[in-house]
Amino acid sequence: MLHFVDVSDTAEKSPEESYYIINKELKKYSEKLASKKQIIVATKSDLAQDNTNYEELEKIAGKENIKLFKISSATGEGVKELIQYVSQELKKLPKEELVQEEKIVYTLKERKDEFDIIKEKGEYLVTGPAAERLMGRVNIQDRESMHYFHKQLIELGIDSKLKEMGVKQGDRVRILDWYFDWEN
């Protein structure tokens, strides 16, 4: 990672302040990114009246054990050396994701109160949005789908509500247009 720090006399901040502000922001954004190898690039060296700002940056680079380059975009001073060094360093780095994307898992949790059950003419009729969504996801010809169906009857509370209403072995239950005989 290259840190371009203005060492001219017209710089708004001192090189030290600029360097530490950048690193603080990097850590806020990503610890992983902040821990990557860094190279400090002292820019606008042609506009400096003396080497005070550059020397300040040299102290930081030495203290932090970071490679430092002095360049001038206007004159081209140091640019070729920087590009050659970066090119060699990039060849050494393993390819990896710098930012870990946060993965969000969405689940289809049904609201337990989105169904009604009425007992009519000896059968139990289950209606409501939860029942409609459930039947829209079930293939009654498929064993795995039927396992899902039974699991959802329990999770949605339909199973317990039917039992509470007195359903017994062999009673007929209807969900939308689908009929089945109750089994415990």
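A salt bridge is defined here as a side-chain nitrogen of Lys or Arg within 4 Å of a carboxyl oxygen of Asp or Glu. The structure is a predicted model, in which local features need pLDDT of at least 70, side-chain atom pairs count only at pLDDT 80 or more, and totals for chains, interfaces and linings use all residues. Residues are numbered from 1 along each chain as its sequence is written, and side-chain values use heavy atoms, with hydrogens and water left out.

**Figure 1. Salt bridge between glutamate 114 and arginine 133.** The closest N and O atoms of this pair are 2.2 Å apart. Glutamate 114 lies in the loop between α4 (79–92) and β4 (116–120), whereas arginine 133 belongs to helix α5 (residues 129–136), so the pair ties together parts that are 19 residues apart in sequence. Helices (H or I, at least four residues) and strands (E, at least two) are DSSP runs, numbered from the N terminus. Arginine 133 is partly exposed, at 31% relative accessibility; buried means under 20% relative accessible area, exposed over 50%, and partly exposed in between (1.4 Å probe, protein chains only).

**Figure 2. Salt bridge between aspartate 6 and lysine 44.** The two side chains meet at 3.7 Å, N to O. Aspartate 6 is in strand β1 (residues 2–6) and lysine 44 in the loop between β2 and α3 (52–64); the pair links distant parts of the chain, 38 residues apart. Lysine 44 is partly exposed, with a relative accessible area of 39%. The count of salt bridges by this rule comes to eight.

Figure 3. Glutamate 123 is buried yet has no salt bridge, and the nearest side chain of opposite charge, arginine 174, is 4.1 Å away. For this assignment Lys and Arg count as positive and Asp and Glu as negative, while His and the chain ends are not counted. Glutamate 123 touches Ile118, Arg172, Arg174 and Tyr179, not counting residues up to four places away in sequence; contact means heavy atoms within 4.5 Å.

**Figure 4. Aspartate 171 and aspartate 181.** The C-alpha atoms of these residues are 5.5 Å apart in space, and the residues are ten apart in sequence. Aspartate 171 is found in the loop between α7 (158–164) and β6 (172–175) and is partly exposed, with a relative accessible area of 22%. Its contacts, not counting residues up to four places away in sequence, are Tyr124, Gly166, Phe180, Asp181 and Trp182. Aspartate 181 forms a salt bridge with arginine 172, the closest N and O atoms being 4.0 Å apart. Both partners are partly exposed, aspartate 181 at a relative accessible area of 45% and arginine 172 at 40%.

**Figure 5. Lining of the second largest pocket.** The lining consists of Met146, His150, Leu153, Ile154, Asp159, Trp178, Phe180, Asp181, Trp182 and Glu183. On a 1 Å grid over the protein atoms alone, a pocket is an open set of points where a 1.4 Å probe fits, with protein on both sides within 12 Å along at least five of seven lines; lining residues have an atom within 4 Å of a point. Both α6 (143–156) and β7 (178–181) supply at least two lining residues, and α6 gives the most, with four.
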